[in-house]
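Thank you all for coming.

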Amino acid sequence: EFQIGQNRIVPEFTFLDARAAGIYEGKSIDSWNEIHKHDEIDGIKYRPPVNTDGTPSDSVSDVLVRGNQLISTIESMYTGENVIVVSPDSEILSILQAALYDENPDQSLPFHSRFHFNNGEFRVIKPVVKPRELLV
């Protein structure tokens, strides 16, 4: 039991929005394999084609910007505290973990799907380089 008071729960819905999948939106989970293949080949700027109904699409880079905003907010509000992030989608979490995994995230971000989270999975994520180490 976490024993977290309701006053300590802060929803950051826009930062945790699921990656928009364009023409793949609403299709089978296997459609994500196609998107991830393009991420690996075409890089972090790849966006799935926009759907004819106007459904937008996001690149890994777009999702990373939101993830960076989330991390910045957490750092500002909860410095020195442990934080639990609950996300409605694995994409943002796998992209954040890929970015934190490598000193050169440009190498790991196209392969973020290798950091996929299963439903209900919990991980402690620690960056490779800690900010204090950069100041020494």
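Predicted model: local features only at pLDDT ≥ 70, side-chain atom pairs only at ≥ 80, totals over all residues.

**A buried leucine and its surroundings**

L93 is buried, because its relative accessible area is 15%, and by buried I mean under 20% relative accessible area, with exposed meaning over 50% and partly exposed in between, all with a 1.4 Å probe and protein chains only. This residue lies in helix α3, where helices are DSSP runs of H or I with at least four residues, strands are runs of E with at least two, and both are numbered from the N terminus.

Residues are numbered from 1 along each chain as its sequence is written, and side-chain values use heavy atoms, with hydrogens and water left out.

What does L93 touch, leaving aside its neighbours within four places in sequence? It is in contact with V85, S87 and F117, where contact means heavy atoms within 4.5 Å. Q97 is also found in helix α3, and Q97 is buried as well, with a relative accessible area of 15%. Leaving aside neighbours within four places in sequence, Q97 is in contact with F115, F117, R123 and I125.

Now please find H112, which sits in the loop between α4 (105-108) and α5, and which counts as buried because its relative accessibility is 0%. From C-alpha to C-alpha, L93 and H112 are 9.1 Å apart in space, although 19 residues separate them in sequence, and H112 and Q97 are 7.6 Å apart in space and 15 residues apart in sequence. Not counting residues up to four places away in sequence, H112 touches R19, H36, D39, V60, E91, S94, I95 and A98.

Let me turn to how helices pack. Two packed helices are described by the angle between their axes and the distance between the axes. Here helix α2 (residues 60-77) and helix α3 (residues 90-101) pack at an angle of about 80°, with their axes 9 Å apart; axes are lines fitted to C-alpha atoms, for helices over the stretch in contact, and angles run from 0 to 180 degrees between N-to-C directions. The two helices are therefore roughly perpendicular to each other, since 65 to 115 degrees counts as roughly perpendicular, under 35 as roughly parallel, over 145 as roughly antiparallel and the rest as oblique. On the α2 side the contact is made by V60, V63, L64, G67, N68, L70 and I71, and on the α3 side by I92, I95, L96 and A99.

Helix α2 also holds R66, which counts as buried at 15% relative accessibility. Not counting residues up to four places away in sequence, R66 touches T14, F15, D17, A18, R19 and D58.

Stepping back to the whole protein, we have five helices and zero strands, and 35% of the 136 residues count as buried. Of the contacts with a separation of 6 or more, 60% are between residues 24 or more positions apart.

Finally, how confident is the predictor? The mean pLDDT is 84, and 82% of the residues reach 70 or more, where pLDDT is the predictor's confidence in each residue, from 0 to 100.
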